[in-house]
Amino acid sequence: MTRDRQPITILMADDDEEDLQMTQEALQESRLGNDLRVTLDGEELMDYLLRRGQYVDPADSPKPGLILLDLNMPKKDGREALAEIKANPELRKIPVIVLTTSRAEEDIFRSYDLGVSSFITKPVTFDGLVVAMKVLAEYWFEIVELPNGK
């Protein structure tokens with residue numbers, strides 16, 4: 001059920017280099033042809049989304065069609081960033097998927113209360129992550145209708 005769609009920008013916020021590398025490789029392995037941008041903490045994520053600092057130029061910081069968000073980051077954690085994103089009328093329509101190591105029920109409930117679209121606990125193995133990225137890609141980029149990012 002592949003549709004003819006333009007690739008969208010995926011913005012990933014995660015401070016763990018190993019997790020970033022594995023996720024990038026898993027996205028490539030799943031043959032997801034989307035543009036992946038990375039921020040390393042919640043403050044940098046909000047700078048990107050609000051086009052502040054190094055992200056002022058829209059050519060360097062295209063509006064994401066999907067955000068992959070880790071909860072446990074320095075400076076501003078994912079919970080705080082999620083609350084800001086969903087409180088902002090310009091940003092709230094962007095689907096946010098929490099991709100985290102946390103399995104805490106409190107994190108799951110709080111994330112959904114704040115408006116997250118999905119909550120995924122990071123698989124432990126690379127193969128598990130590839131499977132998760134393939135399923136994520138099929139669901140979010142072939143089945144679901146996303147709002148136009150413009």
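**Close-up 1. Helix α3 packs on helix α4 in this predicted model.** Here α3 (residues 78-87) meets α4 (residues 105-114) at an angle of about 20°, and the two axes are 9 Å apart. Axes are lines fitted to C-alpha atoms, for helices over the stretch in contact, with angles running from 0 to 180 degrees between N-to-C directions. Helices are DSSP runs (H or I, at least four residues), as are strands (E, at least two), numbered from the N terminus. That angle is why α3 and α4 count as roughly parallel (under 35 degrees; over 145 is roughly antiparallel, 65 to 115 roughly perpendicular, and the rest oblique). On the α3 side you'll find R79, L82, A83 and K86, which touch D107, R110, S111 and L114 of α4 (contact: heavy atoms within 4.5 Å). Sorted by class, this contact has three nonpolar, one polar and four charged residues (nonpolar: Ala, Val, Leu, Ile, Met, Phe, Trp, Tyr, Cys and Pro; charged: Asp, Glu, Lys and Arg; polar: the others, Gly among them).

A quick note on the model: residues are numbered from 1 along each chain as its sequence is written, and side-chain values use heavy atoms, with hydrogens and water left out. As this is a prediction, local features need pLDDT of at least 70 and side-chain atom pairs count only at pLDDT 80 or more, while totals for chains, interfaces and linings use all residues.

**Close-up 2. Helix α1 crosses helix α5.** For α1 (residues 17-29) and α5 (residues 126-143), the angle is about 55° and the axes are 8 Å apart, so this pair is oblique. The crossing of α1 and α5 is right-handed. From α1, M22, T23, E25, A26, L27 and E29 meet F126, L129, V130, M133 and K134 of α5.

**Close-up 3. Y48 and Y55 pair up.** A search of the whole structure turns up one aromatic pair (Phe, Tyr or Trp rings, the six-membered one for Trp, with centres within 6.5 Å). Y48 and Y55 sit 5.1 Å centre to centre with 55° between the planes, a tilted arrangement (under 30 degrees is stacked, over 60 edge-to-face, the rest tilted). Both Y48 and Y55 are buried (under 20% relative accessible area, with exposed over 50% and partly exposed in between; 1.4 Å probe, protein chains only).

**Close-up 4. D60 touches R37 and Y48.** Look for D60 in the loop between α2 (42-50) and β3 (66-69). D60 counts as partly exposed because its relative accessibility is 46%. D60 and Y48 are twelve residues apart in sequence, with their C-alpha atoms 9.3 Å apart in space. The contacts of D60 with R37 and Y48 leave out residues up to four places away in sequence.

Key: Left-handed = near helix turned anticlockwise from the far one by under 90°.
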